[in-house]
Amino acid sequence: MKLVVMIPAYNEEKSIASVIKEIPRNCCEEVEVLVINDGSVDRTAQEAKKAGADKIISFKRNKGLAPAFKAGLQQAIEMGADIIVNTDGDGQYNGGEIPKLIEPILAGRADFVLGSRTNGHIEYMPIQKKIGNKIATFITRMVSGFPVSDAQSGFRAFTRDCALHLNVMADYTYVQETLIQASHYRLVIEEVPIEFRRRDGHSRLISSIWKYAKRAGGTIARGYSDFHPLETFFGIGIFFIFVGLIFGSRVLFGYFETGVVSGNLPSAVLTVLLMLIGVSTMTLGIIADTLRTQRKVQDEILYRLKKLEYDYRNN
Ligand SMILES: Nc1nc2c(ncn2[C@@H]2O[C@H](COP(=O)(O)OP(=O)(O)OP(=O)(O)O)[C@@H](O)[C@H]2O)c(=O)[nH]1
Ligand SMILES: [Mg+2]
């Protein structure tokens with residue numbers, strides 16, 4: 001059984017060495033550490049090498065956490081990982097808890113294990129982040145259908161098969177999208193309580209909570225409409241038709257009273273407009289649903305291709 005611990009890192013020269021040294025090298029038959037150095041302008045790569053990282057991928061320029069995570073998963077699979085653990089490079093997660101994190105996978109109960117900070121112990125988290133985390137977790141719970149308690153946690157473990165299923169499309173953060181996908185592929189997700197430590201230095205990912213909400217919100221919304229195109233577009237379409245009917249009823253009552261429509265001309269025009277928007281949006285839903293079917297086929301092809309490639313490399 002081989003475990004690859006992957007660490008996406010962006011300018012983490014101060015903490016990366018201690019993160020690597022904290023990883024228990026005896027929790028599986030074979031344990032390797034992979035660092036994805038995402039265009040850091042400091043000594044992250046050198047420090048990681050000195051601390052004993054087995055493999056370092058370095059991007060020439062900063063691409064973002066989600067592309068780094070995606071490249072990490074691919075590389076970990078190529079390294080022959082049976083289990084992949086993702087942790088952050090800032091030392092907020094306790095590497096000593098990796099055995100606890102992978103236990104549900106080793107026991108054969110889960111495909112995807114999520115370290116939950118809210119069920120565990122949070123040393124420090126600013127109040128605005130706590131609130132933001134609660135809101136994003138609530139929305140992810142609705143969208144994924146999985147009763148997650150901490151959707152933003154970066155301390156996670158995956159089986160190789162689960163990693164082969166995940167297709168990260170976002171360019172900012174992977175955290176919610178991977179949960180939504182795993183849940184829709186009917187993979188078994190389990191949460192374990194974990195410790196979350198205070199960060200030294202400022203966040204590399206979240207420059208402002210509003211920017212995070214906008215970008216992560218977009219990813220969650222896309223995640224939902226990707227898997228539920230009919231519900232999404234029919235919902236929006238029905239809303240427009242409903243508002244159109246309200247204005248339409250005004251026109252109708254006016255017509256019954258006066259015998260002419262011209263008294264309510266603006267409302268009549270608005271009704272037609274809203275109805276047209278509603279019907280077009282619902283039509284878009286039918287097209288999006290067809291695309292969804294295509295995406296399902298493409299996901300299946302991609303999964304099989306990745307699996308074939310893996311089997312070929314490893315036999
Ligand atoms: N590859 C890559 N990793 C990043 C980027 N931004 C942040 N990271 C890494 O992603 C992990 C999480 O980022 P943090 O800045 O700690 O974000 P956070 O933990 O959500 O927020 P804090 O609680 O403030 O630390 C760390 O290992 C970062 O080095 C990026 O642009 N690219
Ligand atoms: Mg952090």
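**View 1. Residues around ligand 1 in a predicted model.** Ligand 1 has 19 residues around it, and E12, D38, G89, K129 and R204 come nearest (near: a heavy atom within 4 Å). By class, this shell holds seven nonpolar, five polar and seven charged residues (nonpolar: Ala, Val, Leu, Ile, Met, Phe, Trp, Tyr, Cys and Pro; charged: Asp, Glu, Lys and Arg; polar: the others, Gly among them). Strand β1 (2–9) and helix α3 (65–78) each supply at least two shell residues (DSSP runs; helices H or I, at least four residues; strands E, at least two). The model is predicted: local features need pLDDT of at least 70, side-chain atom pairs count only at pLDDT 80 or more, and totals for chains, interfaces and linings use all residues. Residues are numbered from 1 along each chain as its sequence is written, chains are lettered from A and ligands numbered from 1 in the order in which they are written, and side-chain values use heavy atoms, without hydrogens and water.

**View 2. Oxygen atoms of ligand 1 and the protein.** A backbone N or O atom of P8 lies 2.9 Å from a ligand 1 oxygen. A polar backbone atom of G89 is 2.6 Å from an oxygen atom of ligand 1. For D90, a polar side-chain atom lies 2.6 Å from a ligand 1 oxygen.

**View 3. The K50 and E47 salt bridge.** K50 pairs with E47, their closest N and O atoms 3.8 Å apart (salt bridge: a side-chain nitrogen of Lys or Arg within 4 Å of a carboxyl oxygen of Asp or Glu). About one helical turn separates them, because they are three residues apart in helix α2 (residues 44–51).

Methods
Polar contact = N/O pair within 3.5 Å; in protein donor to acceptor, adjacent residues only side chain to side chain.
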